[in-house]
Structures are given as C-alpha cells and as structure tokens.
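Then turn to a few of its strands.

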Amino acid sequence: MPRRFDRRISACMTAGVMVVAMSHAVAAAEWKFAIEEIDGSVQDAYAQEFKRLIEEKSGGDTTVTIYPYGALGTSADLTELVTQGAIQFANASPGHLGTLVPEIQVFSIPYLLSEDNEANKAVLTGSEVIYGDLQDDFNAKGLRLLTMYPEGEMVWTTNKEVRSPEDFANFKMRTMVSPMLVKAYEAYGASPTPMPYGEVYGGLQLGQIDGQVNPIFAIEEMKFYEVTDFMIFSGEQQFTTTVVTNSDWYAADLSDDERQMLDETIAELGDFIFQVQDEYNAERLEKIRADKPDMTVVELTADERAVFAERAQQARAAFVEMTGDEGQMVLDKLVAEIEAAEGN
C-alpha cells in the first residue's frame, strides 16, 4: 500500500513537472533584431545590450536573436520584414526610411543637429515632434518608432584635401541614396554619387569615386581609410539611426508587462549608446592613425564650416519642397527643440 501510494505521488509529481515545463515553453518568446551593420559596430553594441537586458529582465522567457548586416537582406528589406511582422526590431537609417515616412529625412539635412551631443541626446530621446507628430506617420505605415541615437560625426575620407566648395569641383562623392544628401553635396560643389555600402571600398580603389562620408567607426570597419589619403572633419552632422518595431505587434501582441519591459529597456539604453558611440569612434580613430600613420587628418575651421553650413540651406529648402507643410512644421519644431536643448 505505501509503495502504491509512493508511485502515485511520483507519477503526479512527474506530470506536474511536465506541465510546468510545457507552460514555460509556451510562454517563451523569441524576438528577432536585425541591424544594418556588422558584428562589433555601434548598432551591434546597442543590440547586444538590448539582448542582455531583455533576457535578464524576462528571466530567460524572452530571447533575442540578432541578425547582422546582410543576414536578412538590404536595409530596405529589414524595414519591410518589420512591417510584415516577420521580425520584431530593426535599425533603419533616416535615408532609407524616407521612402515610407518622408519627413524622417529631416535628419539627413547637414548642419541641423547640434555639435553638443548632450543636446542631441535630449532631442533624440525625448523630442515631441519625433515621438508625437512623426509617430502618427510611422503608425500609418505599420511601424512604431522606438528610439533614435547617433553613431558618430560624419567624416569625409577623400583622395585630396577639401577645405572649400571650390575643392569639390569635379569631385565624385559617394553618398547614401538620400535626396537631402544629394542636394547638399550638389550645393557643396561636388558630384554626389550614390553607391551601395558594400561597393564603396572597391569604388574608391578603382577611382570610380573620389571620396565618401561615414562615421569614424564605419570608416575603420570597412577599411575606407586604406584607399583614401585624407580624413576631414567638417562638422556636417551626426549620423543617426532609428530602432523600429511593428506597430500592431507592439500594441496588441505584447502583454502589458512585456510592453513595460521593452519601454524601460529602450529608455535605459539612451545613456548607454551615447557613451558607447563616443568610445567606439575615439578608439577607431586611434586605430586608423596606428594602421596608417601618413593619413592626413584635417579639421575645418569655424569659418570654413560656416561656408558649407550656408550651402546646406539648399538641402533644407529641398526638404520642405519634398514634404510640404508637414515637413516645414517638423523642421521648425525640431530646430526649436535643438536650440532649447543647447540653451539648457
């Protein structure tokens, strides 16, 4: 009798363990996060810290799988996968997002953001126009804008010294496929030449382009400095990226606890990524100097920058022409927020 009772208890306990295990398996979720850059990049640092925090906070019930550049297609493909709900998160630069939400291209206008990154942090993490006015446009496209952050100052690497618009004459400058950047470099006096990111090194090596513009960490990672002679700090702008998710998934599929966990994590990562991008770009600049000691590093003077900043006003006009009254409203509000953040 006791043995039969023990067997029943044992069987019940075994069944209970199986139920708990099955319940845990059902509750477990995988969140897919695709980035536009390679392992070891600023975006990868953000995604890895996001993964660590989410998995820690969920007690392992939610896992995060990160897909680096090229694993799931182009930047445009990543955004499309988010809208379809095939993946949960993706980085998307304003230049690429502009085809869906034209007003987001305001962040491709040179000399718009502050040279003070503390002011940029206040705006990019808490802007009313970004997370209010623009959020409605994102929702209409099936996306939710979770955050924006910079990846470092855009720096020119060129095959000759450029200090004025006259130096850009007959100069083929590779840019992203962004109407704002194309217009800006036309205004600078260059010949803007859009080219896929993966082809830039070869384009520089073969003389198909005379220069390119990217944050320092990207210049080091992609070895663009190997096939150019000058690094020129023009103060043009910070390269920014967004993190987007599927708006329906965020609103309907997440539990209240999961949504709170996600929002808290995104908020916590604000300070983290601003510090990381600063460290990454400083470290990568030192690595470039060590690998190529004869690389000439040029920092434009305030007067030289002012000439290019004045020319960049044409990009602002092109933005308003492309986006109309709503674009003008976004631009005006953003400029006011940046000025207020600098004042604070």
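How much space lies in the second largest pocket? The figure is about 290 Å³. This is a predicted model, and every value here is computed from it.

Stay with that second largest pocket. Its lining counts 17 residues. Glu115, Asn117, Gly152, Glu153 and Gln238 are the ones that lie nearest its centre. Three elements each supply at least two lining residues: β4 (143–158), β8 (230–246) and α11 (256–291). Of the contributors, β8 gives the most, with five residues. By class, the lining splits into four nonpolar, eight polar and five charged residues.

Now move to the largest pocket. Its volume is about 420 Å³. Here 22 residues form the lining. Nearest the centre lie Ser75, His96, Arg174, Met176 and Tyr197. Strand β7 (211–215) and helix α9 (216–221) each bring at least two residues to this lining. Its classes read eleven nonpolar, eight polar and three charged.

Across the whole structure, a search finds one cavity of 30 Å³ or more. The largest cavity has a volume of about 50 Å³. Its lining consists of Pro94, Gly95, Phe107, Ser108, Met176, Leu181, Gln237, Gln238, Phe239 and Thr240. The largest share, four residues, comes from β8. The class count is five nonpolar, five polar and no charged residues.

Met176 lines the largest cavity and is among the residues nearest the centre of the largest pocket. Gln238 also lines the cavity, and Gln238 is one of the residues nearest the centre of the second largest pocket.

Last, the strands. Strand β1 (residues 29–34) pairs with strand β2 (residues 62–67) in the parallel sense, over six bridges. Within this pairing, Glu30 has Thr63 of β2 as its bridge partner. The chain leaves β1, passes through helix α2 (residues 42–57) and reaches β2. This β-α-β crossover is right-handed. Strand β1 also pairs with strand β3 (residues 89–92), again in the parallel sense, over two bridges. There, Ala34 has Ala90 of β3 as its bridge partner. In a regular strand, side chains alternate between the two faces of the sheet.

Methods. Residues numbered from 1 in each chain as written. Predicted model: local features only at pLDDT ≥ 70, side-chain atom pairs only at ≥ 80, totals over all residues. Heavy atoms only, no water. 1 Å grid on protein atoms, 1.4 Å probe; cavity = no way out; pocket = protein on both sides within 12 Å on 5 of 7 lines; lining within 4 Å. Points joined across faces, edges and corners; volume = space filled by probe spheres on them. Nonpolar A, V, L, I, M, F, W, Y, C, P; charged D, E, K, R; others polar. Pairing = 2+ DSSP bridges. Right-handed = clockwise from strand over helix to strand, strands pointing away.
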